[in-house]
Amino acid sequence: MARVHNFSAGPAALPERVLREAQSELLDFAGSGMSVLEMSHRSPVYQAVIDEAEATLRRLLAIPSNYRVLFLQGGATLQFAGVPLNLMRRGHAGYVVSGNFSKLAWKEGCKYGQAEILASSEDTNFDRIPDLTPVKERAAAGDLDYVHICQNNTIFGTQFHELPDCGSTPLVADVSSCFLSMPLDIERYGLIYAGAQKNAGPSGVTVAIVHEDLIEGGPARADICPTYMGYKLQASKGSMYNTPNTFGIYLCGKVFRWIEETDGLVAMAQRNRAKAELLYHTLDESELFHGTAQRDSRSICNVTFRTNDADLDAAFISFARERGIEGVKGHRLVGGMRASIYNAVTMDSVGALVTCMKEFERELPSRSI
Ligand code: PMP
């Protein structure tokens, strides 16, 4: 069985150990005589699965007891609406627009109240995290329900390396593509949410971690908030107001345990930084390839790069595929290439990509495209 080097942006590579474990348990889970896929979400066996997933996640991120953990559906995209519906109590929130997804979140916020752009990097096609000074100044006025950021911009390969200082205004972060790639100081946030399909598991599960004070009063827009999307209700029902993504949460729990057993998030972050450094070093040395994100905004999760020629980019993507390297085609909004180097992507795979880039560059003079 040949497994490729998978640099997909999400759904993305999962740890092989997790896949094998799931395979071995698929027909008979924990002696129940049935698959997790076939089991009632109300059964004690399944309750233990979701409880263990939450407990492991709490240990990994040192989540304080006054934060609630939710396993939701609808992707991070649904939370673009869930956030204002639950939290826009005074009808006014701030958004940092640093990429496609934060812009979508802002647009969704505009449907439910005043969503003010506090900083943006759209003028340079989102190749950087914008200066956050205006965010601090604006938040200090104290009239915003929250400030929303997208902490890692999957498409543009940029990442916040420090969080905006929002004072007492709650910080809300879409952490989809950097979730569990490094430790997070949960207390800096009012709410974080993440689609699982990068570092945490399969698509179809969205993890939300929210301070209980923010949800205590029920949804800000209880008049129109779909019952399913009420954070308070979901918290009180243990993410089981309705049928959750049972198999997805089961796989997330296995990924959480894998992270814990491979020495936790500090060690994971070190490995991720080493992978990113190798790739960025290669780009900085190359005469052919160059990174598209400004240096001080570079992401350690998604590395975006290109040549100066779209045909050469396409040739490289095919060249890589012939060598068992998949998923490096960049998003259409940036073009070029993108290597997503999430937790389950090994240093070995990054090494294979680097070797392939060097080989392509060396052979370039003899290449006619
Ligand atoms: N936010 C970020 C940072 C993302 O990378 C993505 C998807 N790649 C989304 C939001 C949208 O997520 P979903 O497809 O899970 O709705």
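What is the volume of the largest pocket? The largest pocket has a volume of about 400 Å³, a volume being the space filled by probe spheres set on grid points that are joined across faces, edges and corners. This is a predicted model, in which local features need pLDDT of at least 70 and side-chain atom pairs count only at pLDDT 80 or more, while totals for chains, interfaces and linings use all residues. Residues are numbered from 1 along each chain as its sequence is written, and side-chain values use heavy atoms, with hydrogens and water left out.

**Largest pocket**

- A pocket here is an open set of points on a 1 Å grid over the protein atoms alone, where a 1.4 Å probe fits and protein lies on both sides within 12 Å along at least five of seven lines; lining residues have an atom within 4 Å of a point.
- The largest pocket is lined by 19 residues, and Leu 14, Ala 344, Val 345, Thr 346 and Ser 349 are the closest to its centre.
- At least two lining residues come from each of β1 (5-6), α9 (264-285) and α11 (347-363), where helices (H or I, at least four residues) and strands (E, at least two) are DSSP runs numbered from the N terminus.
- The largest share of this lining, four residues, belongs to α9.
- Nine residues of the lining are nonpolar, six polar and four charged; Ala, Val, Leu, Ile, Met, Phe, Trp, Tyr, Cys and Pro count as nonpolar, Asp, Glu, Lys and Arg as charged, and the others, Gly among them, as polar.

**Second largest pocket**

- The second largest pocket holds about 250 Å³ of space.
- Its lining has 18 residues, with Ala 76, Phe 101, Ser 176, Gln 197 and Lys 198 nearest the centre.
- α3 contributes the most to this lining, with four residues.
- By class, the lining has six nonpolar, nine polar and three charged residues.

**Ligand**

- The ligand takes the space of the second largest pocket; a molecule sits in a pocket if more than half of its atoms lie within 2 Å of its grid points.
- The ligand is surrounded by 13 residues, the closest being Thr 77, Thr 154, Asp 174, Gln 197 and Lys 198; a residue is near if one of its heavy atoms lies within 4 Å.
- Helix α3 (residues 75-87) supplies the largest share of this shell, four residues.
- The shell comprises four nonpolar, seven polar and two charged residues.
- A polar side-chain atom of Thr 77 lies 2.5 Å from a ligand oxygen atom.
- Ligand nitrogen atoms lie 2.5 Å from a polar side-chain atom of Asp 174 and 2.8 Å from one of Lys 198.

Terms used. A polar contact is a pair of N or O atoms within 3.5 Å; within protein, one must be able to donate a hydrogen and the other to accept it, and residues adjacent in sequence count only if both atoms are side-chain atoms.
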